[in-house]
Amino acid sequence: MRWRLLVFVLGFLGLTAALYWPSVPGPQTDLPLDKAVHLALFAGVAFLGTWAGVPTMWLGALLLLQAVASEVVQARLLDRRGGDLLDLAADVLGIALGLLAARALRVGTATGSRGRPASS
């Protein structure tokens with residue numbers, strides 16, 4: 001179980017690095033790839049947190065706080081970044097989808113898929 005927590009922490013640190021990087025990482029295109037990246041990052045970290053056994057309420061609150069804080073910091077403190085309400089919406093949708101996917105797959109519960117005991 002501890003290695004799952006380590007994987008979650010590494011995912012959360014990667015998310016944090018991407019959100020607070022001084023400039024937008026990756027190629028710049030006219031496609032809304034930024035929104036898809038926000039959604040995927042938050043969904044992945046929400047899923048990993050559930051998989052690691054982090055309580056859903058605390059995990060959701062932590063990720064929501066991260067989503068709001070990152071947009072405020074990007075808007076106010078990072079010259080080459082900008083806060084965006086659509087990014088925040090993608091973050092929140094990603095959190096919800098990650099938590100729902102983990103719940104649907106019964107990840108992080110006492111039983112694994114198909115009712116068998118979960119392995120660590």
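## Basis of the description

Helices (H or I, at least four residues) and strands (E, at least two) are DSSP runs, numbered from the N terminus. On that basis Val54 falls in the loop between H2 and H3.

The model is predicted, so local features need pLDDT of at least 70 and side-chain atom pairs count only at pLDDT 80 or more, while totals for chains, interfaces and linings use all residues. Residues are numbered from 1 along each chain as its sequence is written, and side-chain values use heavy atoms, with hydrogens and water left out.

## The chain as a whole

The chain has four helices and zero strands, and its pattern along the sequence reads α-α-α-α. Of its 120 residues, 29% count as buried (under 20% relative accessible area; exposed is over 50% and partly exposed in between, with a 1.4 Å probe and protein chains only).

The chain exposes about 7,600 Å², and carbon and sulfur atoms supply 71% of that area. Accessible areas come from the Shrake-Rupley method with a 1.4 Å probe; for residues, only the protein chains shown count as cover. Contact means heavy atoms within 4.5 Å. Among contacts between residues at least 6 apart in sequence, 75% join residues at least 24 apart.

## Packing of H1 and H2

Two packed helices are described by the angle between their axes and the distance between the axes. Axes are lines fitted to C-alpha atoms, for helices over the stretch in contact, and angles run from 0 to 180 degrees between N-to-C directions. H1 (residues 2-20) packs against H2 at an angle of about 160 degrees, with the axes 8 Å apart. The two helices are therefore roughly antiparallel to each other (over 145 degrees; under 35 is roughly parallel, 65 to 115 roughly perpendicular and the rest oblique). Their crossing is left-handed, a term used if the near helix is turned anticlockwise from the far one by less than a right angle, with right-handed used if clockwise.

The residues of this contact divide into 12 nonpolar, three polar and one charged. Ala, Val, Leu, Ile, Met, Phe, Trp, Tyr, Cys and Pro count as nonpolar, Asp, Glu, Lys and Arg as charged, and the others, Gly among them, as polar. From H1, the contact includes Trp3, Arg4, Phe8 and Phe12; from H2, it includes His38, Phe42, Val45 and Trp51.

## Packing of H2 and H3

H2 (residues 33-51) and H3 (residues 56-76) pack at an angle of about 155 degrees, with their axes 10 Å apart. That makes H2 roughly antiparallel to H3. The crossing of this pair is right-handed.

His38, Phe42, Val45, Ala46, Gly49 and Thr50 in H2 meet Leu59, Leu63, Gln66, Ala67 and Glu71 in H3. By type, six of these residues are nonpolar, four are polar and one is charged.

Arg4 lies in H1 and is buried, with a relative accessible area of 12%. Its C-alpha is 7.0 Å from that of Trp51, 47 residues away in sequence.

Trp21 sits in the loop between H1 and H2. At 48% relative accessibility, Trp21 counts as partly exposed. Leaving out residues up to four places away in sequence, Trp21 touches Leu78 and Arg81. Trp21 and Gln74 are 53 residues apart in sequence and 9.1 Å apart, C-alpha to C-alpha.

Val54 is in contact with Leu5, Phe8, Gly49 and Leu59, setting aside neighbours within four places in sequence. Between Val54 and Leu5 the C-alpha distance is 8.2 Å, across 49 residues of sequence.
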